[in-house]
Amino acid sequence: MHPRLRRAVPVLLASLVLAGHGPAQDDVSARIAAAVQGADWDLELSRAGLRERPIAELVDALVPLRGRLHGHLWVRAVSLVKSRDVEVDALWRDEPARRRGRAEVFADALGGWIERHVAADPPERADIEYLARFLPPRTHHPDRDGRLDQPRWLGSALVLQRISAAAQRAHAEVVTEALRAIDRPGSAGAAAVLGHDPSAGPFALADALTDPEPRVRLAAAVALRLRLGAAVPPWLAREVADDPTLHATLAGLLPALPVPPFDAAAVERLLADLAADRWPLARIPQPDDLDSSARRRISAALIAFARRRPPPAAPTPESPPAPFWIPAVESAALIALRAAAALDAEGFTAVLALGAPSTPSHLRFAALTALAAIRPLPAAAATAAAQPLGALLDDPDPAIAELTASVCAAVLPQCDDPALRDLVADRALAVLNGDPAALRVRPGLRFCGTGPPPAGTPEGRDAWLLFAASTARDPRLVGPLLDALGTDRFDPRPARTPWPDSQAVELLLTCVAEFAEELDADQARRVHELLAPLVPSTSGPGLATRVHVLARQILDASYPRVPDDLVVWYAARDLWSRIACAWLVEPRADRLTAARASALIGTSDADRDAALRNAPWLFLLAPDRLPDLRTASQHARSEFVRAIQGTLPRHAARVVDLAARGELPRDVVAASLALVPLELRQLAAVVPTDPSGAWYWAPALASAIGRAVRAAPTDDLAAVRQLAAAPAIDVTVAALRRATTLGEPGVAFARAALDRLVAPGSDDESAARALQLAIEVGIEPRELPAVCDRLAASRSWFATMLADAAAFRFAELDPRSCRSPYPARAIGAAGIDVAVDVLREALTGQSGHELVELLQGCSPATCRAALQLIAERPVWDSELERAVVWKTSDDDPGIRLAAYRALASRDAELWPCALLRQTGTFDPAPEIREFARGER
């Protein structure tokens, strides 16, 4: 059937159904369609009186809507009858002649079709099989309810799944056509295939997987893997990266697609695109992606690309005025120049050279605009730019001079050339000695929201020069800036005239804010005298302008430097103003005293609890303000753990020091360490001594040991000895595992410690954990037979299983002689190679779950044997299916080939995972590609 006709079929069917309905039924359909498209659709359905309608009338009204309402709209509509499933079920039973006409509604409103099929008589069974074509195949997965051992259930499930799969496969032609047009990102067909349209499910991709066009096959392979919940392996991602257009499309529709590496081939593609005046669809590389030679070549190609851009059309009287930040040059040229300047110092200098007077004006403007937007600058670029920038500051074109000053603001913080710094500072001082009221800032752009307007940018060369000198933090500017703010014209104190010109004041305050952290006590007092009257003691509508916001930020940033007598002003502010101050000064926490931290915390218990949730680092400076966590509730302790975790990345040394001195509870700190890598000596300093709460802190501490930062081997070994003595087996095992990485002394220590842990008298759980580590690191305990016999008689399944695993690993026990009821786990834990015949006998009677456990932790040879056994099973459960699918992305090509062979054992008309074998044509292993081609 032609695709257009195929797409028209639902509409034609809906028209035929509507034709058989009377005017009243058409009215109900229209009211449902209108109600579900409203914002409060549930209320609209009730207002329209639809929920009280007879169930037969509602079902019949929904039938013509199935082809008109899609996605969430249909879900809303069908909820009308789905909530009345008892009545719908009665309608299914009482009116058998109309079942097929209502099949699409019944399919979404009812469930349990496999049970119905098992118990149905022949006519009803035929109706259910007709209805199955309107449901996705996963609805009838044989393992949906875990009844694989019931033959009648399994037979019905397979019948219905085959029908659903065939219905989905009927869309293959439409899906393949959509994939042929996938290089058009706006294509609705491509979005449906790669989205969640059930009609474009895995079976609908079958034809595309064998399409003659490679791009179609590749897109289908990626779509199928994501549909099945499988990873996109690196080699498949590289195939996508080799087609920039395809990658740009897939990356937009499939967020899970990995970012491809920028290799030599990608460099050549980028250079070819630029040489042909095509803006590349692939990403522009970052400096770290390239070597120095590639950076130079790409930088030169980007600049040449920008040079070839035609000049912009001259503005007409009808043209709207363009803001200064939108350059009068093609955006591609601006992006190219910015990318070239960001690659390295040579690229930055080359772009800066375009600012020379001999360059066309549109390119000068674009080059300087690009340079002003780069943060951070490439190494050595700032110093190399000093001399050219100094010459351009006096350009006769005011726009070029302003842009040059804005580039200085980007360059000076990293520039080591005193000539440029002195030149800009001298000119900034001259500006301040003139008329500061002439300085302006452009208003910031407000796109949405409320509150103070966002910060603007300086306007004019002089304003940019003053801001540039401030970003360089030239100390000569602090006094003149404060003098300018303290003049009669600008002084905001109540005894003086309020600031009339917020534009000039905003620029002056923006410049003062650059110095706020570096002020001395006298300067901080003067700033406080000037700005404190602008900042209310409570947060709220008083901070309505940028001037007020900047005043508050300057006062907060200078808090560590203000004289002691001014701390009371900060302590008198409301809670959220104090917390905002704490957030701002946290990077300079080392400058705060305990008294100043306590002033920000507040005096009441409510203030203390709020500060603990929002600024917990303050309590590291004032630990005496902490509540008594030893008697606190579990909720309070968990809140503190969360707070400590938030402070650790920035204050780890302080936290560890306080715990070692006993000023913070060790168990609470130890429970907070899982997310931040520390040194082993730091972890050893916070090991709790009370074993009663080990369940609370041991897992986090054990995880931290595994990720600890390496130090000198002798220091690490000393710390490991302390950690191994912790009163928690989790921590002991983690410490001994780390010891085995510290050379022969560490291995010797681990061997002796493991022998002690499995010696007679130790509890079975600790001995089993020690034996597990011994198997993992290959250290055989001295009394292995006695240990295995003792654990084999244990009441713990874990200990019994590990006794067999140790015997497999060290005593070469035959897996068929396993004493544990979990032979698959024991084989996996032992890491031994087991032949398929031996494995078949050892796992006789084991469930699919045991095979999944084996796949997750066995040796490569055993994994290949297990996949062969899985291929022999007549029916897979969903867990087993997922495990085999994931093995097609394994790093070992032998395992991948075994997984593809297992998938080939499935009927491709029943199992969507069987289609994955076609994607093996993209695998880098020749034997897998040959296997996949042979299976077409």
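Q: So how much of the chain counts as buried?
A: Of its 936 residues, 50% count as buried, where buried means under 20% relative accessible area, exposed over 50% and partly exposed in between, with a 1.4 Å probe and protein chains only. This is a predicted model, where local features need pLDDT of at least 70, side-chain atom pairs count only at pLDDT 80 or more, and totals for chains, interfaces and linings use all residues. Residues are numbered from 1 along each chain as its sequence is written, and side-chain values use heavy atoms, with hydrogens and water left out.

Q: How many helices and strands are there?
A: The chain has 51 helices and two strands. They are DSSP runs numbered from the N terminus: H or I with at least four residues for helices, E with at least two for strands.

Q: And what share of the contacts is between residues 24 or more positions apart?
A: Such pairs make up 67% of the contacts in the chain with a separation of 6 or more. Contact here means heavy atoms within 4.5 Å.

Q: Let's zoom in. Which residues of α20 are buried?
A: H362, L363, R364, A366, A367, L368, T369, A370 and L371. That's nine of the twelve residues, so α20 is mostly covered.

Q: What covers them?
A: The cover includes α17 (292-307), α18 (331-343), α19 (345-353), α22 (386-392) and α23 (398-411).

Q: How far does α20 reach from its first C-alpha to its last?
A: Helix α20 (residues 361-372) reaches 17 Å, close to the 16 Å expected at 1.5 Å a residue. The expected span is 1.5 Å times one less than the number of residues.

Q: What about α39, what span should its twelve residues have?
A: Helix α39 (residues 713-724) should span 16 Å, and its end C-alpha atoms are 16 Å apart, which agrees. Its buried residues are D716, L717, A719, V720, L723 and A724.

Q: Why do residues three or four places apart point the same way?
A: Because an α-helix has 3.6 residues a turn.

Q: OK, and which helices do the buried residues of α39 pack against?
A: They pack against α37 (680-684), α38 (694-706), α40 (729-739) and α41 (743-757).

Q: Switching topic: at what angle do α28 and α29 cross?
A: The axes of α28 (residues 521-531) and α29 (residues 546-557) cross at roughly 150° and come within 10 Å. Axes are lines fitted to C-alpha atoms, for helices over the stretch in contact, and angles run from 0 to 180 degrees between N-to-C directions. The two helices are therefore roughly antiparallel to each other; angles under 35 degrees count as roughly parallel, over 145 as roughly antiparallel, 65 to 115 as roughly perpendicular and the rest as oblique.

Q: Which residues meet there?
A: V527, H528 and L531 in α28 meet A551, I554 and L555 in α29.

Q: Where is E812, and is it buried or exposed?
A: E812 is in the loop between α44 (797-810) and α45 (823-830), and it counts as exposed at 71% relative accessibility.
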